[in-house]
Amino acid sequence: MKGKILVAGGTGFIGSHTTVELQNAGYEVVIVDNLSNSNADVINGIEHITGVRPTFYNADCTDIDAMRSLFEREQGIRGIIDFAASKAVGESVQKPILYYRNNLNILLNLLDLMPEFGVKGFVFSSSCTVYGEPDHNPITEDAPTKKATSPYGATKQVSEDIIADVIRSGSPIKAILLRYFNPIGAHPTAEIGELPNGVPANLVPYLTQTAIGVRKELSVFGNDYPTPDGTCIRDFINVVDLAKAHVVALERMLEDKSDKPLEVFNIGTGNGVSVQQLLDAFERATGVSVPHKYVERRQGDIVQIWADPKRANEVLGWKAEATLDDTMLSAWKWQLKLRERGIM
């Protein structure tokens, strides 16, 4: 084993896929999650894929006493990957206090406990939302951050500042901020995928649930944007590709491949895809049509953004590999598996 890694929010969409990739790479994984937007059954899916069942704690990362107890029990944690955050742009506009309290308190607790228990590396799940509405695309890590368009984005900006301040203070830790774009899809085995509790806030699970008949129709927020087809443009990245980026980022710190205590990487494909093009890709890959309608723009959304992933490609040695059609097909296979299990 390469060592023990704590994955905060590890039963969630990205956290579960990253746990798979960590275990495949030889790490021992400890998951902590309060299941506020996930289900403990995902642990079974991880075990089916990897043959290893990760240690799981049902605990709230905002509870400093619970987290300290976990660290005391799980001695020897070498690194932390922090996925434990509320993440819906629209909801954050409606519930800003929830987002600030949850996302920032979790981060503060983890950073506070790392030196106390000798944890060396910290990978932070950041977001392209820190760039706001970009002046040009593709966007590099050197682009200035702008005033966030949502409380969710603001929590990511503040979190990045907190991490930088902690490291500048002399804390004996290293951190890598992964500013990723729009993760979609599911594991090719269809053993794990995206299944939020309640009505999905993200586009693809709502799309697949509509395609299979759980939802009446998909609402596309805005078709009057200044883009070729009028819908927003994003950089949609396969979740397995994204998960692999976390593994190489962690190894970079734990194996001292860089003398920099803080680094930032964009994790995206480098391709801008509109919401309409994503919908077309799903129908092309699956042969299934999706009932949809165009509605008013959603508060907090930006017009268009996609990554320049050159730094991650060259420095981390990581690159997105999955095609958009294959990614959409994986999301559909996951939805079909949920129907087969009688879940959705």
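**Exercise 1. How many residues does the largest nonpolar core have, and which of them have the most contacts inside it?**

Before you start: this is a predicted model, so local features need pLDDT of at least 70 and side-chain atom pairs count only at pLDDT 80 or more, while totals for chains, interfaces and linings use all residues. Residues are numbered from 1 along each chain as its sequence is written, and side-chain values use heavy atoms, with hydrogens and water left out.

*Step 1.* A nonpolar core is a set of buried Ala, Val, Leu, Ile, Met, Phe, Trp, Tyr and Cys residues joined through side-chain atoms within 4.5 Å. Buried means under 20% relative accessible area, exposed over 50%, partly exposed in between (1.4 Å probe, protein chains only).

*Step 2.* The largest core has 35 residues, and Ile 5, Leu 22, Leu 178, Leu 250, Ile 267 and Trp 318 have the most contacts inside it.

*Step 3.* Now see who supplies it. Elements giving at least two residues each include strand S1 (4–8), helix H1 (13–24), strand S6 (174–180), helix H8 (239–254) and strand S11 (262–267). H8 gives the most, with nine residues. (Helices, H or I of at least four residues, and strands, E of at least two, are DSSP runs numbered from the N terminus.)

*Step 4.* Apart from this core lies another, of 30 residues, with Leu 110, Met 114, Phe 124 and Leu 177 among them.

**Exercise 2. Work out the strand order of the open sheet, then place the helices that pack on it.**

*Step 1.* Seven strands line up as S3-S2-S1-S4-S5-S6-S11, with parallel pairing. Two strands pair if DSSP finds at least two bridges between them.

*Step 2.* Look for the edges: strand S3 (55–58) and S11 each pair on one side only. From one strand to the next, the twist averages 20°.

*Step 3.* Zoom in on one pair. Strand S5 (residues 121–127) and S6 are joined by seven bridges, and Val 123 has Ile 176 of S6 as its bridge partner.

*Step 4.* H5 (residues 96–116) touches S1, strand S4 (77–82) and S5, at about 165° to the direction of S5. H6 (residues 151–168) touches S5, S6 and S11, at about 155° to S5. Axes here are lines fitted to C-alpha atoms, for helices over the stretch in contact, and angles run from 0 to 180 degrees between N-to-C directions.

**Exercise 3. Is Ala 175 buried or exposed, and what does Ala 175 contact?**

*Step 1.* Find Ala 175 in strand S6.

*Step 2.* Ala 175 is buried because its relative accessible area is 2%.

*Step 3.* List partners, where contact means heavy atoms within 4.5 Å. Leaving aside neighbours within four places in sequence, Ala 175 meets Phe 122, Ile 163, Ile 167, Met 253, Pro 261, Leu 262 and Glu 263.

**Exercise 4. Trace how Asn 238 sits against helix H11.**

*Step 1.* Asn 238 is in strand S10 (residues 236–238) and counts as buried because its relative accessibility is 10%.

*Step 2.* Not counting residues up to four places away in sequence, Asn 238 touches Ile 184, Ala 322, Thr 327 and Ser 330.

*Step 3.* Thr 327 and Ser 330 are among the buried residues of H11, and the buried residues of H11 pack against S10, as well as strand S7 (182–184), helix H7 (203–211) and helix H9 (275–286).
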